[in-house]
Amino acid sequence: MAAASLCTRGQPVDAARRAGPAAAFWSAALGVRAEPYAPKLQFTSLHGALGGLVLAVQAVDDTPRLHRDIEMDDVAAEAARLVGPRATPVTQWQECRVLRAPGRHLVCVLPVESAPEVFDAEARTWP
């Protein structure tokens with residue numbers, strides 16, 4: 001079984017020019033700081049918004065929406081596991097697999113991005 005860490009990332013933009021105001025809004029609304037995530041500048045992290053979870057605004061050329069990311073040490077196995085209970089594959093972006101859950105929201109299964117000690121401490125194994 002693969003280990004996972006669940007995080008939340010909002011995608012309320014269709015281009016970087018709209019990501020800034022979205023990040024500023026959520027920063028003010030949640031009372032947390034917004035900072036660009038240096039390794040991947042399409043993300044603006046909202047530090048401390050959700051204890052134990054990552055919340056970020058992502059600049060994308062797509063429809064505004066929210067989606068969930070699941071960090072995995074075995075992306076292919078987790079994507080296959082989620083397709084079993086009726087998630088539908090949508091696309092693949094880099095190493096990530098994008099699935100649509102039965103409730104119509106998107107779930108992105110991505111490789112581990114957290115620091116190894118954080119992933120090891122917070123990852124859970126699901127059946």
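Colleague: How many helices and strands does the protein have, and in what order do the elements run?

Modeller: The protein has three helices and nine strands. Read from the N terminus, the order is β-α-β-β-β-β-α-β-β-β-α-β. This is a predicted model.

Colleague: What confidence does the prediction carry, then?

Modeller: Mean pLDDT for the protein is 78, with 84% of its residues at 70 or more. Residues 1-15 have a pLDDT below 50. That stretch still has 83 contacts in the model beyond near neighbours in sequence.

Colleague: What share of the residues is buried, and what does the accessible surface come to?

Modeller: Of the 127 residues in the protein, 36% are buried. The accessible surface is about 7,300 Å², and carbon and sulfur atoms account for 58% of that area. As for contacts between residues at least 6 apart in sequence, 58% of them join residues at least 24 apart.

Colleague: Which residues form the largest nonpolar core?

Modeller: The general idea comes before the case. In soluble globular proteins, nonpolar side chains tend to be buried together. Here the largest nonpolar core has ten residues: Ile70, Met72, Val75, Ala79, Leu82, Ala87, Leu99, Ala101, Val107 and Val109. At least two residues of this core come from each of β5 (65-72), α2 (75-83) and β8 (106-111). Helix α2 gives the largest share, three residues. Another core lies apart from this one; it has eight residues, including Ala23, Val32, Leu55 and Val57.

Colleague: Take one core member, Val109. Which residues is Val109 in contact with, leaving aside neighbours within four places in sequence?

Modeller: The contacts of Val109 include the core residues Ile70, Met72, Val75, Ala79, Leu82 and Leu99. Val109 also touches Glu78, Glu95, Cys96 and Arg97.

Colleague: Where is there a nonpolar patch on the surface?

Modeller: Phe25, Trp26 and Leu30 form one, with about 300 Å² of accessible area together.

Colleague: How many salt bridges does the structure hold, and which residues form them?

Modeller: There are two salt bridges. To read one, look at the N to O distance and then at the accessibility of each partner. Arg33 pairs with Glu35, and their closest N and O atoms are 2.8 Å apart. Arg33 is partly exposed at a relative accessible area of 48%, and Glu35 is partly exposed at 32%. The other bridge joins the side chains of Glu78 and Arg81, with 2.8 Å from N to O.

Colleague: Which residues other than glycine have a positive phi?

Modeller: Two cases can be named, Arg86 and Gln94. For each, check the backbone angle, then the place in the fold, then the exposure. The phi of Arg86 is near 90°. Arg86 lies in the loop between α2 and β6 (88-93), and counts as exposed because its relative accessibility is 63%.

Colleague: And where does Gln94 lie?

Modeller: Gln94 is in the loop between β6 and β7 (96-100). Its phi is about 50°. With 55% relative accessibility, Gln94 counts as exposed.

Key
Residues are numbered from 1 along each chain as its sequence is written. This is a predicted model: local features need pLDDT of at least 70, side-chain atom pairs count only at pLDDT 80 or more; totals for chains, interfaces and linings use all residues. Side-chain values use heavy atoms; hydrogens and water are left out. Patches are made of residues with over 30% relative accessible area and no salt bridge: like charges are joined within 9 Å, nonpolar side chains (Val, Leu, Ile, Met, Phe, Trp, Tyr) within 5 Å. Accessible areas come from the Shrake-Rupley method with a 1.4 Å probe; for residues, only the protein chains shown count as cover. A salt bridge is a side-chain nitrogen of Lys or Arg within 4 Å of a carboxyl oxygen of Asp or Glu. A nonpolar core is a set of buried Ala, Val, Leu, Ile, Met, Phe, Trp, Tyr and Cys residues joined through side-chain atoms within 4.5 Å. Buried means under 20% relative accessible area, exposed over 50%, partly exposed in between (1.4 Å probe, protein chains only). Helices (H or I, at least four residues) and strands (E, at least two) are DSSP runs, numbered from the N terminus. Contact means heavy atoms within 4.5 Å. pLDDT is the predictor's confidence in each residue, from 0 to 100.
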